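This report covers a ligand shell, salt bridges and selected side chains. The chains are shown first.

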Amino acid sequence: MTVLAAVKSDALPEVASQSSAAIVKLPQPKRRPGRHPAFAGQVLASVVPPLLVITLILIVWQIACGDPASLFPGPLSIWEQSRELIVDPFFNRGGVDKGLFWHVSTSLSRVAIGFSMAALAGVLLGVWIGANKWALRAFDPVFQVLRTVPPLAWLPISLALFREAQPSALFVIFITSIWPVIINTAVGIRNLPQDYLNVGRVLRLSSAEMFFRIMAPAATPYIFTGLRIGIGMSWLAIVASEMLLGGVGIGFFIWDQYNASRISDIIVALIWVGLVGYALDRFVALLGRFASRGTAAS
Amino acid sequence: MSSYLSIENVSVTFQRAGVVSDVLRSISLAIEQGEYVSIIGHSGCGKSTLLNVVGGLVAPVSGGVILDRREVAGPGPERAIVFQNHSLLPWLSCYENVRLAVDKVFGRTKSRAERHDWTMHNLQLVQMTHAAAKRPGEISGGMKQRVGIARALAMEPKVLLLDEPFGALDALTRASLQEAVSEIHARVGCTILMITHDVDEAVFLSDRIVMMTNGPAAIIGEILDIVLPRPRCRVAMLEEPRFNQYRQKVLDFLYSRHAARAA
Ligand SMILES: Nc1ncnc2c1ncn2[C@@H]1O[C@H](COP(=O)(O)OP(=O)(O)OP(=O)(O)O)[C@@H](O)[C@H]1O
Ligand SMILES: [Mg+2]
């Protein structure tokens, strides 16, 4: 918000001086350091185009679906029909009748648990497989096949195994997101520069030290590539499987609204799903950038 | 055989895709404590391989290396290596790179504070204390190589192995690093085995120059003793007739008698 405010205050004097020939006080040249206008310009350049496109989409959408008889609601009728859902994500009237925040947080907590397990198991397995030439050769085709199985295809097996919704959901997340983590970690370990290993050998590092001081940091960028793909797949998996599992969660909410024929609520929920998925992706990417500061720079 | 470091009948062959290639054939070399020995030879003749045998990273098919009356088996910090491309760990700062080595080698014998001081002392030796907190990605190639040398020195090695330590540097940086190494050698008195491509560098720094013939199956062609007073001054060397004679001899070996085959 402060950034936007800065943009405005910067842009205003210029607009004013162009639009009228009256005497306009020019901004004092030394008021800000010279970098700020450039920075503001960058922010402007990255914020304005998406805003324009979104506005355009909304307008086209409204024109196409504005007719009250239309089967699909336009933006304005969504605003009318689902106003409570949009403005108050925190209401809670018990049962399924809750704000979207609560549905999303249920789904997110499942992702948190299932994905943490996948991340941990995936990294450990990936390291083991990456460090063993034969293990990599033997397992790689298996992983390559398994990783293409769509999340929902695991659900029947998962239900047969666990019988209950919660563990089944966790398992589906786990099993869909583990493959990219394993594969990328293994590749990272495989691609370790021999020089780094030689440094470790000259210092006679123990295997644990070798792992934590050399291999793990060197493979960090690869590991995070895997984690980033994995978390995206977790989110795909959970939303889809909740639609079938029922009970709680954003996926179930969407299914429930479908049964109640409340298309406009579904659209609001979809926007939430998209935004949360995007946030998850950015979060892991940011974490990765932080964790592999030096490594990526070389 | 009572030399400090002796390389005895070392032969190395590599096998790649079923093709066996002789790289080194029966190399023997004796080096005294505190000596500065350079190995020079054309690219691909097996210099790095020989250095790695001493470092313990490559096992010879026959023969062996004895350092201070012990046979070398595998790598270890008493034979510190400065690699051709510095190979600092990029996720650690310069200080941490050196400290990793110090902690590993002196973890039991020195206190925390002593290890810190020893790390800083070695960075000081290569004049890199000002960049201690920087990561390798943030400093120049010459500075990285300095930190690599500091890391190796910090292990207090019996022998320091330098694999073309200045190869990737510009002439000015190279000259200043050569002086730094020369000064450290005088101060610390360590035994140094260095690989180089540069004839001037070899003559300027060494007590002896080992000239290798071209591979495959390279052997030691000739060994040249460099009898020049230390400390050596780069400018004064230009007027020193012996310096030029030595250069001539090495150049003659490399370019007249063992010219590189057309690559
Ligand atoms: N791991 C390996 N496997 C197979 N062949 C190898 C291996 N390492 C080196 N060689 C071969 O051994 C020969 C000597 O290599 P080496 O790296 O010792 O040469 P060098 O003298 O250090 O060359 P340069 O001056 O270019 O560094 C080369 O022909 C190289 O192809
Ligand atoms: Mg080499």
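The sections below start with conventions and then turn to the ligand.

## Conventions

This is a predicted model, in which local features need pLDDT of at least 70, side-chain atom pairs count only at pLDDT 80 or more, and totals for chains, interfaces and linings use all residues. Residues are numbered from 1 along each chain as its sequence is written, chains are lettered from A and ligands numbered from 1 in the order in which they are written, and side-chain values use heavy atoms, with hydrogens and water left out.

## Shell around ligand 1

The residues around ligand 1 include B:Phe14, B:Arg16, B:Lys47, B:Ser48, B:Glu164 and B:His197; a residue belongs here if one of its heavy atoms lies within 4 Å. The shell divides into 3 nonpolar, 6 polar and 3 charged residues, where Cys counts as nonpolar and Gly as polar.

Oxygen atoms of ligand 1 lie 2.7 Å from a polar side-chain atom of B:Ser48 and 3.1 Å from one of B:His197. For B:Arg16, a side-chain N or O atom is 3.3 Å from a nitrogen atom of the ligand. Taken alone, ligand 1 exposes 630 Å², of which the protein buries 64%; areas come from the Shrake-Rupley method with a 1.4 Å probe. Strand S1 (5–16) and helix H1 (47–55) of chain B each give two or more residues to the shell, and H1(B) supplies the largest share, 3 residues. Helices (H or I, at least four residues) and strands (E, at least two) are DSSP runs.

## Salt bridges

Over all chains, the structure holds 20 salt bridges, each a side-chain nitrogen of Lys or Arg within 4 Å of a carboxyl oxygen of Asp or Glu. In the one between B:Glu35 and B:Arg208, the closest N and O atoms are 2.6 Å apart. This pair links distant parts of the chain, 173 residues apart: B:Glu35 sits in the loop between strands S2 (19–31) and S3 (36–40), and B:Arg208 in strand S9 (208–212).

B:Glu35 counts as buried because its relative accessibility is 12%, and the value for B:Arg208, also buried, is 13%. Buried means under 20% relative accessible area, exposed over 50%, and partly exposed in between (1.4 Å probe, protein chains only). B:Lys158 and B:Asp68 meet in a salt bridge at 3.4 Å, N to O. B:Lys158 is partly exposed at 26%, as is B:Asp68 at 25%.

## A buried arginine in chain A

A:Arg110 is found in helix H5 (residues 100–131) of chain A. With a relative accessible area of 3%, A:Arg110 is buried. Its side chain makes a polar contact with that of A:Gln166 at 2.8 Å; such a contact is a pair of N or O atoms within 3.5 Å, and within protein one must be able to donate a hydrogen and the other to accept it, while residues adjacent in sequence count only if both atoms are side-chain atoms.
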